Amino acid sequence: PLPTVEPEEVGFSTERLARIVPVMQEYVDAGQVSGITTAVMREGKIAHLESVGLRDIENKKPMERDTIFRIFSMSKPITTVAVMMLYEEGKFELSEPIGQFIPAFKDVKVYKSGTTKDMVLEKPERAPTIHDLIRHTTGITYGWGKSSVDSLYKEADIWNPDLTLKQFGDVIAGLPLNHEPGDRFSYGVSIDILGLLVQEVSGQPFEDFLKERIFDPLEMTDTGFYVPKNKIDRFAQIYRWRKKKLERIKEGEAGSYTTPPNAPSGGGGLVSTVDDYLRFAQMILNGGELDGQRILGPSTVRYMLRDHLAPDQDNGPGVGFGLGFA
């Protein structure tokens, strides 16, 4: 773990930070969440790290510092870092078409009009690029919306656990883009396709690339795409707020995390701990380096943290998007 110091050593007030935990405890006591861990870090040092509540309500297991969480879309910055490592090595330009590295995307079509029964599709005005994937401007979605294209995503069963990462890419490439590449920001499975890009370009399984090139150097020992048996006791159960109470989500409904997945999801499939993710975040804050391990160059990190959207492409009012980071 990163060093822990007295709050005043890094410009914080012990008395003020002490106000955090009682508020978090109120959420737990009200039954709105099962448990919470909060951390505050500055200058690479932890000034506050506290846990309240339970990681498993039914078995009365406490939330603790080493609890392993599903980190969902916090996977996206990690996958993007992997892509930018290959970019630094000259493996591709961000302006190059996806289809140049993942052939299934060479013939992708874009939606123009109609319903799922009479859909009009055309060749896009330009091919979607790696840059489009990273900043969510391909026209690839999650299928969460109400458009005709979203309906096709639902029918395609894109999260079928039997699919390999390559097969997942084939399914997405066979679905139409929701809009012309570059036209607007559309949150979607673009980052999962980036995982396939990493695999194709590096010649390594995506999960192996992350472990060897990011997790091991940064000593992120509890981060990966599943929880091994010897750590399963530390895995937080997952709950949702329904009918004014917490409801436990069944294993499998939120994905299986007890065995290696066939298609590791770079967009939302990682598990991690607070300490592991703080190390990743500090590496970014340091300009790509932590404890003598350089992951990216400083200029690359600065480029990633710039806004890459046009003014009319905002990710919500006043919110831009860089490469992996809002």
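Q: Leaving aside neighbours within four places in sequence, which residues is E96 in contact with?
A: F101, T129 and I130. Contact means heavy atoms within 4.5 Å.

Q: Before we go on, what kind of model is this?
A: It is a predicted model, where local features need pLDDT of at least 70, side-chain atom pairs count only at pLDDT 80 or more, and totals for chains, interfaces and linings use all residues. Residues are numbered from 1 along each chain as its sequence is written, and side-chain values use heavy atoms, with hydrogens and water left out.

Q: Back to E96. Where is it found?
A: E96 is in the loop between α3 (75-88) and β5 (110-113). Helices (H or I, at least four residues) and strands (E, at least two) are DSSP runs, numbered from the N terminus.

Q: Which side chain of opposite charge is nearest to E96, and how far away?
A: K106, at 11 Å. E96 is buried yet has no salt bridge. Buried means under 20% relative accessible area, exposed over 50%, partly exposed in between (1.4 Å probe, protein chains only). A salt bridge is a side-chain nitrogen of Lys or Arg within 4 Å of a carboxyl oxygen of Asp or Glu. For charge, Lys and Arg count as positive and Asp and Glu as negative; His and the chain ends are not counted.

Q: What does the E96 side chain reach, then?
A: The backbone nitrogen of E93, at 2.7 Å.

Q: New topic. How many salt bridges does the structure hold?
A: It holds 20. Side chains of opposite charge can pair when their charged atoms come close.

Q: Which residue does D56 form a salt bridge with?
A: R248, with the closest N and O atoms 3.6 Å apart. This pair links distant parts of the chain: D56 is in strand β2 (residues 45-56) and R248 in strand β8 (residues 245-248), 192 residues apart.

Q: Is D56 buried or exposed?
A: D56 is buried, because its relative accessible area is 3%. R248 has 32%, so it counts as partly exposed.

Q: And which residue does E89 meet in a salt bridge?
A: R213, at 2.6 Å from N to O. Again the pair links distant parts of the chain, with E89 in the loop between α3 and β5 and R213 in helix α8 (residues 206-215), 124 residues apart. E89 is partly exposed at 40% relative accessibility, and R213 is partly exposed at 28%.

Q: What about E15?
A: E15 forms a salt bridge with R19, and their closest N and O atoms are 3.1 Å apart.

Q: Which residues are linked in a network of salt bridges?
A: R55, K61, E64 and D233.

Q: Now the whole chain. How many helices and strands are there?
A: Ten helices and eleven strands. Buried residues make up 48% of the 326 residues.

Q: What span does the C-alpha trace have along its principal axes?
A: About 60 × 45 × 40 Å.

Q: Which contacts does the 68% figure cover?
A: Take the contacts in the chain with a separation of 6 or more: residues 24 or more positions apart account for 68% of them.

Notes. Polar contact = N/O pair within 3.5 Å; in protein donor to acceptor, adjacent residues only side chain to side chain.
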